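Biologist: I would like to go through the aromatic rings. Can we take them pair by pair?

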Amino acid sequence: MSHRLVLAGLAAATLGLMLTVLWPATEPPTVAAPNVPSDWVPPPPGSPGSNLDEIASADVPSPSAASSVGGVSSSRPQLSRRATPAPSPSRPDSSTVPATPSTRPNPSPSRPAKPPSTTRPPQPEHLTPLPAWRERGLRSVSGGSETSIEFVNHRSRSVIVYWLDHHGQRRQYAVLHPSESYRQHTYVGHPWVVTDRRGRALVCFEPKRTPARAVIG
């Protein structure tokens with residue numbers, strides 16, 4: 001009786017070993033690669049959906065029908081084929097762009113031109129001519145203010161202009177031809193005498209505080 005039990009145990013052990021060796025092992029579940037659409041364009045860096053891993057992680061696996069082999073169930077996850085749409089780059093609305101202010105200056109109002117001045121400067125005062133014989137008593141005196149005399153020759157012949165110094169001596173300054181004139185700087189208290197080409201006195205003049213004209217006629 002004991003021999004039979006031993007043989008039955010050996011047979012059961014052998015059968016279990018054969019089943020273990022010959023029975024196919026359960027395959028581990030495999031994860032399929034994410035299906036990417038053929039027209040998918042990668043978005044710019046830093047924008048949402050720029051990483052392909054995010055697309056795969058966003059897909060929710062749906063469980064497939066389980067198959068049972070020898071009491072062991074196995075399931076393979078299926079990825080959704082729905083892809084995240086790539087965001088389109090934002091474009092600024094042309095209606096919100098502020099208009100550039102015009103820099104064109106405003107034209108200034110025209111002003112009428114001023115009419116040319118028609119006023120003439122005042123003519124210098126004429127000196128009173130002194131007779132030629134007064135030359136003997138005329139001498140220059142110092143301390144007078146500055147002034148000027150414009151000598152004008154209205155004679156038909158040339159004349160000579162002399163200054164009478166502090167001793168009453170003649171000091172020649174200019175020769176004026178007919179219709180000529182010239183301006184002489186002088187002082188109040190300095191007399192002048194005009195002679196002909198031979199030295200004969202014609203007229204004498206004494207300057208004033210304001211510029212004046214000495215007409216030789």
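Predicted model: local features only at pLDDT ≥ 70, side-chain atom pairs only at ≥ 80, totals over all residues.

Modeller: Residues are numbered from 1 along each chain as its sequence is written, and side-chain values use heavy atoms, without hydrogens and water.

Biologist: How many aromatic pairs does the structure hold?

Modeller: Rings of Phe, Tyr and Trp (its six-membered ring) pair if their centres lie within 6.5 Å; planes under 30 degrees apart are stacked, over 60 edge-to-face, the rest tilted. The number of aromatic pairs in the structure is five.

Biologist: Which class does the pair of Phe151 and Tyr182 fall in?

Modeller: The centres of Phe151 and Tyr182 are 5.8 Å apart.

Biologist: How many residues apart are Phe151 and Tyr182?

Modeller: Strands are DSSP runs of at least two residues, numbered from the N terminus. Phe151 is in strand E4 (residues 146-153) and Tyr182 in strand E7 (residues 181-187). The pair links distant parts of the chain, and the separation is 31 residues.

Biologist: Is Trp163 buried or exposed?

Modeller: Buried means under 20% relative accessible area, exposed over 50%, partly exposed in between (1.4 Å probe, protein chains only). Trp163 has 15% relative accessibility, so Trp163 counts as buried.

Biologist: Which residue lies over the face of Tyr162?

Modeller: A charge sits over a ring if NZ of Lys or CZ of Arg is within 6 Å of the ring centre and within 35 degrees of the ring normal. At 5.4 Å from the ring centre of Tyr162 lies Arg170.

Note on methods. Helix = DSSP H or I, 4+ residues; strand = E, 2+ residues; numbered from the N terminus.
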